[in-house]
Amino acid sequence: MSHPALPPLPAGHSPRAAAFWLGFHLRRNLKKRAFWLWALAVIIVFAVVMGTAGLRGGGLGNLFILRITPLLSLFFATGVLREEIEDQTLTYGFSRPVGRAWLYGARVVAALVPVALLGLVPAFIAGTAAGPTAPPRYLAASALIILAYGGVFALLGLLVRWPTWLGLAFLVAWEQPVALVPGFFGRLTLLTHARAVAGLPAGESPWSGLLTVPPAWASALVLAAVAALTFWLGGWLISRREYQLAK
Amino acid sequence: MMRDEVHAIGYRRLEGPRPVWPGWPIARTLWVLGWRRRATKMSLMACFGVFGVHGVWLVSQLMARRYLNLGPRRGLLTGVDRVVGSVHEVLAAYVSIQFFVTALVIAVVASGAIADDRRAGAFELYFSRPLTRLHYALGKLLGAGLIPFGTLVFPTFVLWLTAVGIAPPGMRSELWWLAVPAVGSAALGAATLTAGIIGLSALGERSLTVCTAFVAGLLLMSGVCEGLVESGFEAWGYLSPERDLRTVVDWLLQVGHDSLSASLLPGRPDGNGSPALSLLALGAWIAAGLLALTWRIRREVRAG
Amino acid sequence: MSEPHLSARNVSKLFGPVRALNDIDLQIGPGVTGLLGPNGSGKSTLMKLFAGELLPDEGDVRLLGHDPFHFAPVRRGLGLCPEQDAFYEDLSGYDFVEALTRLNGFSAADARARTAATMKRVGLEIYGRKRIREMSRGMRQRTKIAQAIAHDPPVVLLDEPLTGADPVARADLIALVRALGQEGRCVLVSSHVLHEVEAMTHQVVFIRFGRLRAQGDVFRLRGKLEDRPYRVVLSVSGDARAFGSQLLGLAHVQTVTVLADDRLELTTTDLDDAARGVPALAQAHGVRLTRFTSPDADLESLYRYLVSQP
Amino acid sequence: MALLELTDVSKRYGATQALDAVSCALDGRAIGLLGPNGAGKTTLMKVLLGLDAPDTGLVRVLGIDARQAPTEVRGRLGYAAEGPGRLPGLSGLESVALAGELCGLRRRTALLRAHDMLDLVGLDEARYRLVETYSTGMHQRVKVAMALVHDPDLVLLDEPTSGLDPESRDELLDLIVHLREGGGPAVILSTHLLHDVERTCDAVLIMQRGQVRFAGPIAALQQPATGRWTVRTAFPAPALADALRAHGAMAAPGERPEAWTVTLPPGADPTLIWQAAASAQISVVHLAPQTDSLEQAFLGAIKETAS
């Protein structure tokens, strides 16, 4: 059974192609209007908060790491696949000899890098005013929270028809309130772990003193695990299911 | 006797007059589409509920007033004098509350008025017909405007009519004055809603986003403005259309009749400083809506 | 016989309750093959199955011997021109084709060289610099085909490649498809414009109601429709009526009608036989035959007959 | 009065000169509007409809000046646009009826007329379904019905057959021929499929880069027989070309793989082709004098072919 000569593929082609795809889409994402609008919004919020409210250090870090960055990763990560399906450009990537999971991973990271740009810089600035070891801890917390939430929301984008709304509900109805509940319950939310990694105060609620703060390294591990798991699951799912592009 | 005939079914010319003003079918289509959505029916029920509550409230007050007016109980009259005021209160409360509920209805029905046409590329269909941009604009405004007319302006008139009908003789002369301010303020509210939703629909891309933006915008603005006014930023009060409307309504109703008691509307949040500025703010909202509509039509269509 | 480039064995596909394909058995080898069928007959679905974009519900699909959905490396040999008019609109034609060619395993320099050569071949050497958003429909179609052939794939799937193109682009793209077929590639083209398919190839696959209605050479397929004899129009100089009566003597000729004093029309069940018999007879009788055409031997009539009969 | 009279019409959009001093007078029942992408076809249609005022020049449609009375012109013109334009949320029937009402018809007249037109375009039970659920073919039928509902005197169809399968295309072309022959409106058909124009139209307006390359009846465009012959065999047969050359004729590859364009030596007649075919035992299933197809004529009319 002889086949017409199948042109050779360089070894380890998929990862290298994925790296190219990441750079290609990152350049495009950075040129998108949506990115610049969000950048403007973050800058304005940063200025207003720093200027009028005089928020510094921990409070600023809390606002950015635990409130704004999750929101940004929600808006950027859920759209990854939906945009390709709506614009019907998914076919071009999926008809290439590259594993779909790799393409998916590349697109998600390309979507999260802009979030990192918007999230890490303020976190670092907040860190400088919050004590000697704060900057690295804030940066680590931001990066981990972006990867974790990014993975979760990208996965949500694969599973659900209205990922943005559901993601918003997950953030507002589950993550924010439950993170303030004392006892073990809080550990089920990513926010608690992010707070632990960053070493931020446990929050303003009256019983915040009672919160048992998990050790920083454990939380970092949890966040990394969540990110890895959601990325892998997304990759596994996308190479299993077919996607019909809306006619 | 029957003649043998064979008629071709093919194309046939169409004689006869063409009297209909093009704006009218555009308006009717807006309702027909709106009515198909379940949300419209639900929000209309809410409007009807609000009207019912205020109706009952008004009637019961006036019946009590009528009953207390007889013979020995006259002494109680002065205490109940606020009942007269409360007729104004009912109308003012009705206009403000119905403003919000109507905002829901008009958002669901008219959020797609221009946005859906633009997304589906329907401008070519409209403007390859013998209608001008004015027909299109008026048709859309008519379609959207008749909703608040039906749920805000006309019911206010009905409430006023029942008030005059039931009120004891003494009060009736005072109430006559109330017609113009009451219905006028309702009409102002209707105009703000109509121009607002049509303007937003002209700017927006998808009817769903326009609808949420309109309703959320109204709620957010009134909430934020109340907060800002409380924390000392008086000027922000004028930003919320609902608050402006309330100021104008209170001002109009007060002007309606000088003998009313001063503490007219106990317990209701007070309005902005000067009613004139509020009127101006509402006028600005209406103008902004119409401007957005004209800009969109001029940009999409270069028709004569 | 070498393995076919594309093969589908008992393939069925449903989109919820909607049946797209029903038990398709098909093997396609090198050369250009026209994929025909009414809207909604399952043409696009079959293309997407071969391209590994969709999964069959039953049966299996092979592209160059492998499952295109799960075995990614085989898609190196695939060039797909999808049906939708969708691009990364913010890019220029060159950048778009180059980026996608990189995904086929070419270095930046190789990809750029191949893109330049391909853009020249599809006639976008100059206009390819423009941003895709500003391109005309004809240029967009040429760009879409360029990204399908830049990496020199042995299998090229073109899903209605000419939609919206203007006559100039159509003529160029038809010539290009013929050339791709002559290079030994397996080119599967779906199109609704039958006379353009006829200009590209003689081999067609016909799908109706999700089933394989016919496949093979247009001429032979037309011959198989026994209940539809060929109509042949002749322009004859000299005594047409006498020549007409002679024609009745030919085998397979069923009827001869005299349209005008120099034009005859005959019906025969075997056009090949008539093509030999009639000229010989004309020569024998010293009659000049200046026209011999069969209006219903073309793909459009074949299509119409195949669609009208259940 | 002529259907169309354009004198020195030009229109510029920023950098592109969409219409460049177009002057022509066209009459006829069905006119083909041809030209490569960006030739100004859609701009011309918009100018005829008064949707766009030309920078200079005079546009008279059915004797009405489109600049002075755009709405009157649009009342007597029907336009089936190219894009997927549809009225969202309505059924096919409601869309056509609304199109009628927008032209002033009363609701009931519009509804009855809409049913007539949908019968004409062959949209039966599906007319009650929402337009969003329609296939491309059904969309096209609704658009044509909307263009005809107010009984115009001239209908502009912008690429009505693109995306249609052969069956629906046949029906639509038959409808255009029916309109051409019947007492109904005249038709201007703008399309890229020259085959469709050959089948339905009697006159043609060829444009390129905003200029008129040819305006007049198709017959005038196609030169008479050029002494060349189109020959087709059952299967692609290169041997026939050699046989023909042996007999002194010239054979060049034709439009199709199995076709040849044969030039006979002067004074010879087709029997030479039959003899060559017989000598090579190849059966020729098609032999006819070659007339310029509209496509050759079109490609000839537009000199540079960049598009």
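Reader: Which residues form a positive surface patch?

Author: Please bear in mind that this model is predicted. The positive surface patch consists of A:R27, A:K31, C:R131 and C:R133. One of these residues, A:R27, belongs to helix α1 of chain A, which covers residues 13–30. With a relative accessible area of 49%, A:R27 is partly exposed.

Reader: How should I read a salt bridge, and how many does a search of the whole structure find?

Author: The general idea is that side chains of opposite charge can pair when their charged atoms come close. Here, a search over all chains gives 43 salt bridges. In one of them, the side chains of C:K13 and A:E242 meet, at 2.7 Å from N to O. C:K13 lies in strand β1 (residues 6–15) of chain C, whereas A:E242 lies in the segment after α9 (216–238) of chain A, so this pair joins two chains.

Reader: Is C:K13 buried or exposed?

Author: C:K13 is buried, because its relative accessible area is 2% and the cut-off for buried is under 20%.

Reader: Which residue of chain C meets C:K13 in a salt bridge?

Author: That residue is C:D57, with a distance of 3.7 Å from N to O. C:D57 sits in the loop between α1 (43–50) and β4 (58–63) of chain C, and C:K13 in strand β1 of chain C, so the pair ties together parts that are 44 residues apart in sequence. C:D57 has a relative accessibility of 43% and counts as partly exposed.

Reader: What does the salt bridge between B:R118 and B:E300 tie together?

Author: In this salt bridge, the closest N and O atoms of B:R118 and B:E300 are 4.0 Å apart. B:R118 is in helix α5 (residues 112–119) and B:E300 in helix α12 (residues 275–300), both of chain B, so the pair ties together parts that are 182 residues apart in sequence. B:R118 is partly exposed, with a relative accessible area of 21%, and B:E300 is likewise partly exposed, with 30%.

Reader: Which residues are linked in a network of salt bridges?

Author: In chain A, such a network links A:K32, A:E83, A:E84 and A:R107.

Reader: Let us turn to chain B. How many helices and strands are there in chain B?

Author: Chain B has twelve helices and zero strands. Read from the N terminus, its elements run α-α-α-α-α-α-α-α-α-α-α-α. The chain has 304 residues, of which 50% count as buried. Among contacts in chain B between residues at least 6 apart in sequence, 81% join residues at least 24 apart.

Reader: What can be said of the accessible surface of chain B?

Author: The accessible surface of chain B amounts to about 14,500 Å², and 71% of this belongs to carbon and sulfur atoms. On the surface there is a nonpolar patch formed by B:W21, B:W24, B:L134, B:L138, B:L146, B:F149, B:F154, B:F157 and B:L161. Together these residues have about 850 Å² of accessible area.

Reader: Which helix of chain B gives the most to the nonpolar patch?

Author: Helix α7 (residues 133–166) gives the most, with seven residues. B:L138 is found in this helix, α7 of chain B. With a relative accessible area of 38%, B:L138 is partly exposed.

Technical notes. Residues are numbered from 1 along each chain as its sequence is written. Chains are lettered from A and ligands numbered from 1 in the order in which they are written. This is a predicted model: local features need pLDDT of at least 70, side-chain atom pairs count only at pLDDT 80 or more; totals for chains, interfaces and linings use all residues. Side-chain values use heavy atoms; hydrogens and water are left out. Patches are made of residues with over 30% relative accessible area and no salt bridge: like charges are joined within 9 Å, nonpolar side chains (Val, Leu, Ile, Met, Phe, Trp, Tyr) within 5 Å. Accessible areas come from the Shrake-Rupley method with a 1.4 Å probe; for residues, only the protein chains shown count as cover. Lys and Arg count as positive and Asp and Glu as negative; His and the chain ends are not counted. The place of a charge is taken as NZ of Lys, CZ of Arg, CG of Asp or CD of Glu. Helices (H or I, at least four residues) and strands (E, at least two) are DSSP runs, numbered from the N terminus. Buried means under 20% relative accessible area, exposed over 50%, partly exposed in between (1.4 Å probe, protein chains only). Contact means heavy atoms within 4.5 Å.
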